[in-house]
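Please take a look at this model and work through its helix packing with me.

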Amino acid sequence: MTSIPAGASDQGAGAKPGHVGESVVVSSEALRRENITLDPSNAARISLPFLGVGGLLLIVAIVAAVTQPNGLKHALGAYHVGFMSVLAITLGAMFWTMVMYLVNAGWFGPLRRQFENIFTMVGVCAALFVPILAIELFSSGVLFKWMNPEVTAGDVIYDVKAPFLNSPFFIVRAVIYFVVWGVLAYRLSSLSLEQDRTGDRWLTQKARYTSGWGVLLFALTTAFAGFDWLMTLDYHFFSTMWGVYFFAGGAFGSLALVATQLGLLRRAGRLDGVVTEEHSHDLGKLLFGFSVFWAYIAFSQYFLIYYSNIPEETAFYLARMQDWLPLTIVIVAGHFVFPFFVLLPRPLKRRAGWIGVVGALLLLVHLLDTTWVVRPMIYLKSEAPDPGLAGMWIDIAGTGGVVCVYLGFLIRRVFSVPLVAFNDPRIARGLGHKNYV
């Protein structure tokens with residue numbers, strides 16, 4: 001665990017930075033050691049149940065894959081829902097960290113470490129992707145039907161897309177995505193932890209420089225990952241807005257996860273005076289804003305497809321408006337209507353506990369949104385009938401297993417580092433942050 005200098009944790013009550021050579025030390029009662037750290041000895045006690053439950057659920061999904069009709073496709077689809085959900089959240093956290101570096105947002109300082117903890121899970125996401133890639137390659141396309149030559153034989157639409165949709169290039173792109181994300185995650189997190197140790201204020205400038213070129217690579221890789229791993233599940237479908245739709249869901253989901261984390265940490269007696277109602281207010285405003293942004297992107301995509309009336313595009317929405325209409329209504333209500341009204345009043349946004357509860361509910365909506373994208377494709381043109389609610393246990397096992405494993409590793413990370421980047425040169429501004437609107 002990163003050590004906390006005495007000057008950053010035990011001195012004084014005024015949150016004023018003092019310069020020592022190239023370092024910055026902030027003295028504040030709020031930054032005392034017991035307020036910004038968790039006992040590492042408790043990490044296993046909390047994380048192991050998540051890892052254990054996740055492992056058991058994945059075993060159930062494997063059993064379903066080998067025993068149920070069309071079980072492999074159903075179980076792998078549920079697993080893919082979990083993977084894409086946690087990946088989107090991980091990338092969303094990386095986006096917020098880089099953007100806040102670029103705009104030099106002082107209020108973000110006390111929150112940054114929680115976003116860093118999330119985006120360092122990119123290695124876990126890479127490990128979770130390996131089974132999907134291996135099964136798809138060795139089974140000639142379970143979910144990604146374009147990998148099966150028998151399916152694409154004589155398909156004019158696929159022939160046009162074949163230079164892009166082929167297995168070797170698919171693998172190369174996947175490697176590029178995870179290398180870019182891994183480099184950015186390692187660079188940003190290592191600079192932050194080094195600043196904890198040394199107090200060197202210029203490390204923030206290095207992180208800001210990394211964010212300058214990193215956000216461009218992030219935008220390209222995130223958009224194309226959304227194309228590759230979600231849109232090509234129906235390789236006839238195409239949407240120029242799909243990359244933004246995937247990004248909007250991830251940015252929204254990462255805010256919801258951080259809101260949940262902060263609510264739990266505050267409930268555990270940590271971050272008192274560090275994360276205040278002012279920070280909850282700003283987090284609530286971002287959640288509100290990206291709820292509206294997601295609705296704007298989702299409706300714009302739907303409206304353009306409705307207006308153009310191209311069969312390859314409209315088939316995507318027809319399947320979800322007919323067979324999956326209840327889930328469609330739940331997503332619209334949960335992703336836009338519910339957060340719009342509960343996050344609109346100013347007093348509610350300033351309550352950390354309330355924002356945490358809302359964040360947890362919105363995480364569930366994020367999972368349902370990914371399910372809405374992936375699930376209708378599982379039994380499309382399949383000889384086996386869709387089991388409907390009777391097969392929901394497979395969805396819960398596959399998706400829940402991935403989510404629990406991800407949360408288990410995230411909890412270990414949260415316990416292993418300080419809860420706040422206490423030597424951030426903007427920490428004094430963050431501690432004294434006030435909202436006037």
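Q: How many helices and how many strands does the chain have?
A: This is a predicted model. Its secondary structure is counted over the one chain. The count comes to 18 helices and two strands.

Q: What is the mean pLDDT of the chain?
A: Of the residues, 93% reach a pLDDT of 70 or more. The mean for the chain is 91.

Q: What radius of gyration does the chain have, against that of a compact globule?
A: The C-alpha atoms fill a box of roughly 75 × 40 × 40 Å along the principal axes. For 437 residues, a compact globule would have a radius of gyration near 22 Å. The chain agrees with that, at 22 Å.

Q: Are helix 4 and helix 10 roughly parallel or roughly antiparallel?
A: Helix 4 spans residues 71-102 and helix 10 spans residues 202-229. Their axes lie 8 Å apart, at an angle of about 150°. Angles over 145 degrees count as roughly antiparallel. Helix 4 and helix 10 are therefore roughly antiparallel.

Q: How many nonpolar, polar and charged residues make the contact of helix 4 with helix 10?
A: The crossing of this pair is left-handed. Helix 4 brings residues including Phe-83, Leu-87 and Met-94, while helix 10 brings Ala-207, Gly-212 and Phe-218 among them. By class, the contact divides into 13 nonpolar, six polar and one charged.

Q: How are helix 5 and helix 17 oriented to each other?
A: Helix 5 (residues 112-119) and helix 17 (residues 392-416) have axes 9 Å apart. The angle between them is about 135°. That makes helix 5 oblique to helix 17.

Q: Which residues of helix 17 meet helix 5?
A: The crossing of helix 5 and helix 17 is right-handed. From helix 5 come Gln-114, Asn-117 and Ile-118. They meet Tyr-406, Leu-410, Arg-413 and Val-414 of helix 17.

Q: How many charged residues are in the contact of helix 5 with helix 17?
A: Four residues of this contact are nonpolar and two are polar. The charged count is one.

Q: How are helix 5 and helix 11 oriented to each other?
A: Helix 11 spans residues 242-267. Its axis and that of helix 5 come within 10 Å and cross at roughly 120°. Helix 5 passes helix 11 in a right-handed crossing. The two are therefore oblique to each other.

Note on methods: Residues numbered from 1 in each chain as written. Predicted model: local features only at pLDDT ≥ 70, side-chain atom pairs only at ≥ 80, totals over all residues. Heavy atoms only, no water. pLDDT = per-residue confidence, 0-100. Axes fitted to C-alpha atoms, helices over the stretch in contact; angles between N-to-C directions. Helix = DSSP H or I, 4+ residues; strand = E, 2+ residues; numbered from the N terminus. Parallel < 35°, antiparallel > 145°, perpendicular 65-115°, else oblique. Left-handed = near helix turned anticlockwise from the far one by under 90°. Contact = heavy atoms within 4.5 Å. Nonpolar A, V, L, I, M, F, W, Y, C, P; charged D, E, K, R; others polar. Rg over C-alpha atoms; globule rule 2.2 N^0.38 Å.
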